[in-house]
Amino acid sequence: MKRLKRKRETKDVKDAEWSEYMVHWGKGPSPVRYVSRRVSGRDWEPWVVVARSALLDELGIVGEGLYAAQAFKKDDVLGRYDGTVVGSTFPNRNSAIRSREVRNLIESGHNMIVTRSVRPRGVEVVNGSTAGPPYLSKANDPLGTRHRPNTSLTPGGFMKVDQSSIPAFDLEKTLAANVKSEIRWDYGKDYWATFKVLGTSVLPLSI
């Protein structure tokens, strides 16, 4: 049953149509971007919201975050991390991370980079800065805050819900009160080990 559900959700992700519209938010930084999804044979449904990040706000950083536009439950698939595929297919994740193509991206200040497995065998690198809806690259890591990840990426790059539920973003609540609706995932130790030294003599930025 779970396998059939995963296959259906994966198909839904690939077949989805997207619609976006801006909405006034009287209780917080306005406007916000609502993204709706439609798959074959079904009606449009609110999917995610792009708005100022409550997580980053707790760290004194102003930036965007991604929120649930409807209540999601454990194992729901939100989409596939997308963007521009960099270079060719690599034999494994380690070789992809150490590639010249990835290093060039990192040295240029790009930080929305993930690897995902592809068939029949191999790994590709995706630069999420060019991604369109559902804008999974805007989901933040809760590191340094009191919150924990509520989603994770599968090896194939699909983002799924890890906790029992994620409540829907509420326009009647403040930014801080919507933090439970913010989609968050653990970027991993490799990510933070790399970007901790970005801009230093160890890993200088290209100008």
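Arg37 lies in strand β2, which spans residues 32-38. The structure described here is a predicted model. The relative accessibility of Arg37 is 5%, and Arg37 therefore counts as buried, the cut-off for this class being under 20%. When neighbours within four places in sequence are set aside, the contacts of Arg37 comprise Asp12, Val13, Ala16, Glu17 and Trp18, together with Arg42, Asp43, Trp44, Glu45 and Trp47.

A further part of the model is an open sheet of three strands, arranged in the order β7-β9-β8 with antiparallel pairing. Strands β7 (84-90) and β8 (113-117) form the edges, each pairing on one side only. On average, neighbouring strands of this sheet are turned by 25° against each other, direction ignored. Between β7 and β9 (residues 123-127), the antiparallel pairing extends over four bridges. Within β9, Val125 is the residue that stands opposite Val86.

Helix α4 lies across β7, β8 and β9 and runs at about 150° to β7. This helix covers residues 100-107, and its buried residues are Val102, Leu105, Ile106 and Glu107. In an α-helix there are 3.6 residues a turn, so residues three or four places apart point the same way. After α4 comes Gly109, which has a positive phi near 90°.

Note on methods: Residues are numbered from 1 along each chain as its sequence is written. This is a predicted model: local features need pLDDT of at least 70, side-chain atom pairs count only at pLDDT 80 or more; totals for chains, interfaces and linings use all residues. Side-chain values use heavy atoms; hydrogens and water are left out. Helices (H or I, at least four residues) and strands (E, at least two) are DSSP runs, numbered from the N terminus. Buried means under 20% relative accessible area, exposed over 50%, partly exposed in between (1.4 Å probe, protein chains only). Contact means heavy atoms within 4.5 Å. Two strands pair if DSSP finds at least two bridges between them. Axes are lines fitted to C-alpha atoms, for helices over the stretch in contact, and angles run from 0 to 180 degrees between N-to-C directions.
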